[in-house]
Amino acid sequence: MNIILLGPPGAGKGTQARTLVEERGLVQLSTGDMLRAAKSSGTEMGNRVAEVMARGDLVTDEIVIGLIEERLTADEGGNGFIFDGFPRTLAQADALGELLEKQGQTLQAVIEMRVNDDALVARVTGRATCATCGEVYHDQTRPIPEDGKCVKCGGTEFTRRADDNEDAMRNRLLTYYRETSPLIGYYYAHGKLRSIDGLGAIDEVKARVDGALSA
Ligand code: AP5
């Protein structure tokens with residue numbers, strides 16, 4: 001099963017992807033995580049993308065397609081891939097189609113997660129992530145436990161992203177509507193699109209994701 005989680009920043013793609021990894025043995029491919037790893041590695045490419053990401057603009061198609069190609073050819077893929085934050089442009093969507101075809105694989109579904117802008121801003125500005133395992137928390141809806149330890153790995157260090165501020169978030173949203181939302185029509189035309197309401201408790205959204213995958 002290869003699926004895409006499509007939605008604006010803060011829609012809950014990463015949160016739902018982590019559950020799908022645990023429950024279905026899928027491999028999560030998050031271009032955001034890959035770019036953040038490159039950024040902290042201090043490589044030339046990392047330095048180039050750091051500024052772009054902090055502004056909330058898109059990194060070039062060439063770079064992200066290269067990252068995905070590397071992982072698709074290197075990974076076993078488990079029971080399939082979850083593409084989280086990729087593709088984000090029509091060129092990336094075409095490239096993914098070609099890469100999957102080359103590997104003899106197909107795309108089962110594209111799950112579009114819909115959440116309104118105000119809720120998205122509230123979600124990202126309250127986000128914290130476990131520095132050890134990447135578990136995602138939120139100041140109001142999923143606070144870091146009182147003992148200060150991550151529920152998944154017991155880690156005690158938590159990070160906040162440089163682009164999780166209101167200014168960068170407004171730009172990330174505009175970028176999403178301009179560059180990425182055309183993919184909704186693209187995948188609808190390919191018969192792959194399944195749209196769900198991304199508002200509600202994390203478990204409620206999970207039930208909708210499960211429903212969309214078995215539809
Ligand atoms: P990326 O890392 O992909 O970020 P994003 O798409 O902006 O998405 P987020 O990670 O912010 O949100 P999410 O949907 O995963 O939400 P989450 O589950 O964490 O990209 C970052 C940057 O990298 C881009 O701006 C760009 O510069 C670059 N980039 C990445 N991919 C690229 C590509 N393909 N091409 C070009 N450039 C690329 O949830 C958010 C918060 O909400 C958390 O605190 C969580 O606890 C909470 N939450 C989750 N679900 C719920 C719920 N149901 N109710 C209440 N709170 C919830």
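Q: Is T43 buried, exposed or partly exposed, and what is its relative accessibility?
A: This is a predicted model. In it, T43 counts as partly exposed, at 37% relative accessibility. Buried would need under 20%, and exposed over 50%.

Q: Where is T43 found?
A: In the loop between α2 and α3, with α3 covering 44–55.

Q: How many residues apart in sequence are T43 and G134, and what is their distance in space?
A: They are 91 residues apart in sequence. In space the distance is 22 Å, C-alpha to C-alpha.

Q: Switching to the ligand. Which residues come nearest?
A: T15, D57, R88, R127 and R172. They belong to a set of 34 residues around the ligand.

Q: What does that shell divide into, by nonpolar, polar and charged residues?
A: There are 14 nonpolar residues, 11 polar and nine charged.

Q: Which helices and strands each supply at least two residues of the shell?
A: Helices α1 (13–24), α2 (31–40) and α9 (202–214), plus strand β6.

Q: And which gives the most?
A: α2, with four residues.

Q: What about the backbone of G10 and G12?
A: A backbone N or O atom of G10 is 2.9 Å from a ligand oxygen. For G12, a backbone N or O atom is 3.0 Å from an oxygen atom of the ligand.

Q: How much of the ligand's area does the protein bury?
A: 96%. Taken alone, the ligand exposes 1000 Å².

Q: Back to R88. What lies 2.8 Å from its backbone nitrogen?
A: A polar atom of the Q92 side chain.

Q: Where is Q92 found, and is Q92 buried or exposed?
A: Q92 is in helix α5, residues 90–102. Q92 counts as buried, with 2% relative accessibility.

Q: Now the sheet. What is the strand order in the open sheet of three strands?
A: β6-β5-β7, with antiparallel pairing.

Q: Why is one side of β6 and of β7 left without a neighbour?
A: β6 (136–138) and β7 (158–159) stand at the edges of the sheet. Each has a single partner strand, so one side of each has no neighbour in the sheet.

Q: How many bridges pair β5 and β7?
A: Two, in the antiparallel sense. β5 covers residues 127–130.

Q: What is the bridge partner of T129 in β7?
A: T159.

Q: Aromatics next. How many pairs are there?
A: Four aromatic pairs.

Q: Why is the pair of Y137 and F158 edge-to-face?
A: The planes of Y137 and F158 are at 85 degrees, so the pair is edge-to-face. The ring centres are 5.6 Å apart. Edge-to-face takes an angle over 60 degrees.

Q: Which parts does the pair tie together?
A: Y137 lies in strand β6 and F158 in strand β7, so the pair ties together parts 21 residues apart in sequence.

Q: Are those two buried or exposed?
A: Y137 is buried, at 3% relative accessible area. F158 is partly exposed, at 23%.

Q: What about Y176 and Y177?
A: Their planes are at 75 degrees, so this pair is edge-to-face. The centres of the Y176 and Y177 rings are 5.4 Å apart. Y176 is buried, at 7% relative accessible area, and Y177 is partly exposed, at 37%.

Conventions. Residues numbered from 1 in each chain as written. Predicted model: local features only at pLDDT ≥ 70, side-chain atom pairs only at ≥ 80, totals over all residues. Heavy atoms only, no water. Pairing = 2+ DSSP bridges. Near = heavy atom within 4 Å. Polar contact = N/O pair within 3.5 Å; in protein donor to acceptor, adjacent residues only side chain to side chain. Areas by Shrake-Rupley, 256 points an atom, 1.4 Å probe, with all protein chains shown as cover. Nonpolar A, V, L, I, M, F, W, Y, C, P; charged D, E, K, R; others polar. Phe/Tyr/Trp six-rings, centres within 6.5 Å; stacked < 30°, edge-to-face > 60°. Buried < 20%, exposed > 50% of the residue type's maximum accessible area, 1.4 Å probe, protein only.
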